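Here's a quick walk through one protein model, written for someone meeting it for the first time. Have a look at the sequence and the structure, then read on.

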Amino acid sequence: MKVSRDHPRYRSLVMREAMSEMVKNGIVAPTGLIAHGRGEAFDYLLGEETSDNARRAERAAVALLLEARNPVISVNGNTAALAGKEIIALSKLIKAKVEVNLFHRSPERIEKVVAFMESLGAKGVLGRHADTTIPGIASDRALCSKEGIYSADVVLIPLEDGDRAEALAKFGKKVIAIDLNPLSRTTRAAQISIVDELTRAISNMIAMWPELSREEAIRRKVLSDFDNQRNLKSSLELICDRLTELAEEGKP
Ligand code: ATP
Ligand code: MG
């Protein structure tokens, strides 16, 4: 379908088209579209822009990733489809490994998503040979790679499921989530919760890298000033304030 550029929801419609193509080629699971829809709903409530809270969390995330000993970015089908290239660019800047990890795991889909990331230029993508498990998860969603997520100190999990996010945090990982839902279990389990749309979040993080990579003192300050609970509360207040304002205006 050809989407007209002057449509007010142009960007969202283009993304939907791209996601539905990615279902056809097996990168995105059909239920991934439902997760995407939930994300869109929250983005609508947040005004479809990066809030100051999100920006603060993104800065703290870049600082933490740069301070990490073994940072890993976990990539699922939706993440690869929406921001594969940008994830690769970020991983190079912060020297993070990329590991493909799927909610709907099958050897065929793992191969497809790893090969897709490779086709975008990624090197050394992990995930083909999951050789261990994250404790505390019953299903094969526990599978991961020893040299990746298992031994990471910091894990960036865009659009992750709550069970895995909670298990990673319990396992002692410093978890950074990117999730538009400020109420999700993933957001609540994370040490740094970025309540922002994935593609905006990653490009903001890339733009923040030059300043934060220069000086350790700035990174330390960003991290010590950051309070995730306070930040999350502000994201919820932002949604409440917007709804109140709109209700008072009487035009949704
Ligand atoms: P949880 O398991 O954490 O309690 P959930 O079951 O509601 O949450 P999942 O389907 O497990 O959610 O994960 C998808 C999450 O990703 C949703 O919270 C959704 O808001 C979020 N999401 C979807 N698309 C995007 C996007 N493009 N950018 C940011 N977040 C997104
Ligand atoms: Mg879930």
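Contact here means heavy atoms within 4.5 Å. With neighbours up to four places away in sequence left aside, asparagine 228 is in contact with Ala190, Gln191, Ile192 and Ser193.

Before going further, a word on the ground rules. This is a predicted model, where local features need pLDDT of at least 70 and side-chain atom pairs count only at pLDDT 80 or more, while totals for chains, interfaces and linings use all residues. Residues are numbered from 1 along each chain as its sequence is written, chains are lettered from A and ligands numbered from 1 in the order in which they are written, and side-chain values use heavy atoms, with hydrogens and water left out.

**Two side chains inside**

Let's stay with asparagine 228. It's found in helix H10 (residues 228–249); helices (H or I, at least four residues) and strands (E, at least two) are DSSP runs, numbered from the N terminus. Asparagine 228 counts as buried because its relative accessibility is 8%. For reference, buried means under 20% relative accessible area, exposed over 50%, and partly exposed in between (1.4 Å probe, protein chains only). A polar atom of the asparagine 228 side chain lies 3.3 Å from the backbone oxygen of alanine 190. That's a polar contact: a pair of N or O atoms within 3.5 Å, where within protein one must be able to donate a hydrogen and the other to accept it, and residues adjacent in sequence count only if both atoms are side-chain atoms.

Arginine 164, found in helix H6, counts as buried because its relative accessibility is 2%. Its side chain reaches the backbone oxygen of arginine 141 at 3.0 Å. Leaving out residues up to four places away in sequence, arginine 164 touches Ser74, Asn101, Ile134, Ile137, Arg141, Leu143 and Ile149.

**A run of parallel strands**

Now for strand S5 (residues 154–158), which is mostly covered: five of its five residues are buried. In a regular strand the side chains alternate between the two faces of the sheet. In S5, Val154, Leu156 and Pro158 point one way, and Val155 and Ile157 the other way.

Which strands pair with S5? Strand S1 (residues 71–75) does, in the parallel sense over three bridges, and so does strand S6 (residues 174–178), in the parallel sense over five bridges. Two strands pair if DSSP finds at least two bridges between them. The chain goes from S5 through helix H6 (residues 162–170) to S6, and this β-α-β crossover is right-handed; that is, with the strands pointing away from the viewer, the path from the first strand over the helix to the second runs clockwise.

S6 is largely enclosed by the rest of the structure because four of its five residues are buried. S6 is also joined by three bridges to strand S7 (residues 192–194), and these two run parallel. Here's who stands opposite whom:

| Residue | Stands opposite |
|---|---|
| Isoleucine 73 | Leucine 156 in S5 |
| Valine 155 | Valine 175 in S6 |
| Leucine 156 | Isoleucine 176 in S6 |
| Alanine 177 | Serine 193 in S7 |

**Around the ligand**

Which residues come nearest to ligand 1? Of the 18 around it, they are Arg38, Gly162, Asp179, Thr186 and Leu198; a residue is near a molecule or strand if one of its heavy atoms lies within 4 Å of it. A polar side-chain atom of arginine 38 lies 2.2 Å from an oxygen atom of ligand 1. For arginine 185, an N or O atom in the side chain is 3.0 Å from a ligand oxygen, and for threonine 186 a polar side-chain atom lies 2.7 Å from one. The protein covers 87% of the 620 Å² of accessible area that ligand 1 has on its own. Accessible areas come from the Shrake-Rupley method with a 1.4 Å probe; for residues, only the protein chains shown count as cover.

**Two loop residues with positive phi**

Most residues other than glycine have a negative phi. Glutamate 48 isn't a glycine, yet has a positive phi of about 50°. It lies in the loop between helix H2 (30–45) and helix H3 (52–67), and is partly exposed, with a relative accessible area of 36%. Lysine 95 also has a positive phi, near 55°, and lies in the loop between helix H4 (77–94) and strand S2 (97–100). Is lysine 95 buried or exposed? Lysine 95 counts as exposed because its relative accessibility is 69%.
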